[in-house]
Amino acid sequence: METNVQTSRNVKIVTKKEISMRKLLNIIGIFIFCGLALSNVTNPLPSSDDTKEFMLFIGGSAMIYYLLVNIYFIGQIGRKIVFTILLFLGCFSVFMAIYLANNPIPH
């Protein structure tokens, strides 16, 4: 009986590079804000002033989103800054909801 002896070989394993969380959030943001802009094409607003305001809102929201995403990944200080800004925006949002409920805008 002969034994089948195999020598070990050096095998290089190549794996796909995983996408970073920062890049993933930036790509998701592109889809979100492009989808919002596309919604104006599929369901147009009645006036050009409304369209202008909607596009300014989308642009401002995108700037805040990308600013916060990229500050978050700077480090521990960046995360504290982002959480502080989100806390401020959340409190401001609740304040504005209460204020507008008590002081409606005349149409």
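**Labels and the numbers behind them**

Modeller: Let's start with Tyr72, which is partly exposed, with a relative accessible area of 26%. Bear in mind that this is a predicted model.

Biologist: What makes Tyr72 partly exposed, rather than buried or exposed?

Modeller: Buried needs under 20% and exposed needs over 50%. Tyr72 comes out at 26%, so the label is partly exposed.

Biologist: Where is Tyr72, and what does Tyr72 touch?

Modeller: Tyr72 sits in helix α2. Leaving aside neighbours within four places in sequence, Tyr72 is in contact with Gly78, Arg79, Val82 and Phe83. For Phe83, the C-alpha separation from Tyr72 is 8.6 Å, with the two 11 residues apart along the chain.

Biologist: How do α2 and α3 pack?

Modeller: Their angle is about 145°, and their axes are 7 Å apart. On the α2 side the contact is made by Leu68, Ile71 and Tyr72. On the α3 side it is Gly78, Arg79, Ile81, Val82, Phe83, Ile85 and Leu86. By class, that contact has eight nonpolar, one polar and one charged residues.

Biologist: Now α1 and α2: why are they called roughly antiparallel?

Modeller: They pack at an angle of about 175°, with axes 11 Å apart. Angles over 145 degrees count as roughly antiparallel, so α1 and α2 get that name. Residues making the contact include Arg22, Leu25 and Asn26 of α1, and Thr51, Phe54 and Met55 of α2. The residues of this contact divide into 12 nonpolar, seven polar and one charged.

Biologist: Which residues of α1 and α2 are buried?

Modeller: In α1 they are Asn26, Gly29, Phe33 and Asn40, and these pack against α2. In α2, Ile58, Ala62, Leu68, Val69 and Ile71 are buried. What covers those α2 residues includes α1 and α3.

Biologist: Why does Asn26 count as buried?

Modeller: The cut-off for buried is under 20%. Asn26 has 19% relative accessibility, so Asn26 counts as buried. Not counting residues up to four places away in sequence, Asn26 touches Tyr66, Val69 and Asn70.

Biologist: And what makes Asn40 buried?

Modeller: Same test: the limit is under 20%, and Asn40 has a relative accessible area of 11%, so Asn40 is buried. With the residues up to four places away set aside, Asn40 touches Leu45, Thr51, Phe54 and Met55.

Biologist: On to the rings. How many aromatic pairs does the structure hold?

Modeller: Seven. Take the rings of Phe88 and Phe92: their centres are 6.3 Å apart and their planes are at 20°, so the pair is stacked.

Biologist: What are the cut-offs behind that label?

Modeller: Centres within 6.5 Å make a pair, and planes under 30 degrees apart make it stacked. Phe88 and Phe92 both lie in helix α3, four residues apart, about one turn of the helix.

Biologist: Are those two buried or exposed?

Modeller: Phe88 has 56% relative accessibility, so Phe88 counts as exposed. Phe92 has 44%, so Phe92 counts as partly exposed.

Modeller: Phe95 and Tyr99 form another stacked pair, 6.2 Å centre to centre and 20° between the planes. They are four residues apart in helix α3, so about one helical turn separates them. Tyr99, at 41% relative accessibility, counts as partly exposed.

Biologist: Which residues do ring pairs link into a cluster?

Modeller: Phe33, Tyr65 and Tyr66.

Notes
Residues numbered from 1 in each chain as written. Predicted model: local features only at pLDDT ≥ 70, side-chain atom pairs only at ≥ 80, totals over all residues. Heavy atoms only, no water. Phe/Tyr/Trp six-rings, centres within 6.5 Å; stacked < 30°, edge-to-face > 60°. Helix = DSSP H or I, 4+ residues; strand = E, 2+ residues; numbered from the N terminus. Buried < 20%, exposed > 50% of the residue type's maximum accessible area, 1.4 Å probe, protein only. Contact = heavy atoms within 4.5 Å. Axes fitted to C-alpha atoms, helices over the stretch in contact; angles between N-to-C directions. Parallel < 35°, antiparallel > 145°, perpendicular 65-115°, else oblique. Nonpolar A, V, L, I, M, F, W, Y, C, P; charged D, E, K, R; others polar.
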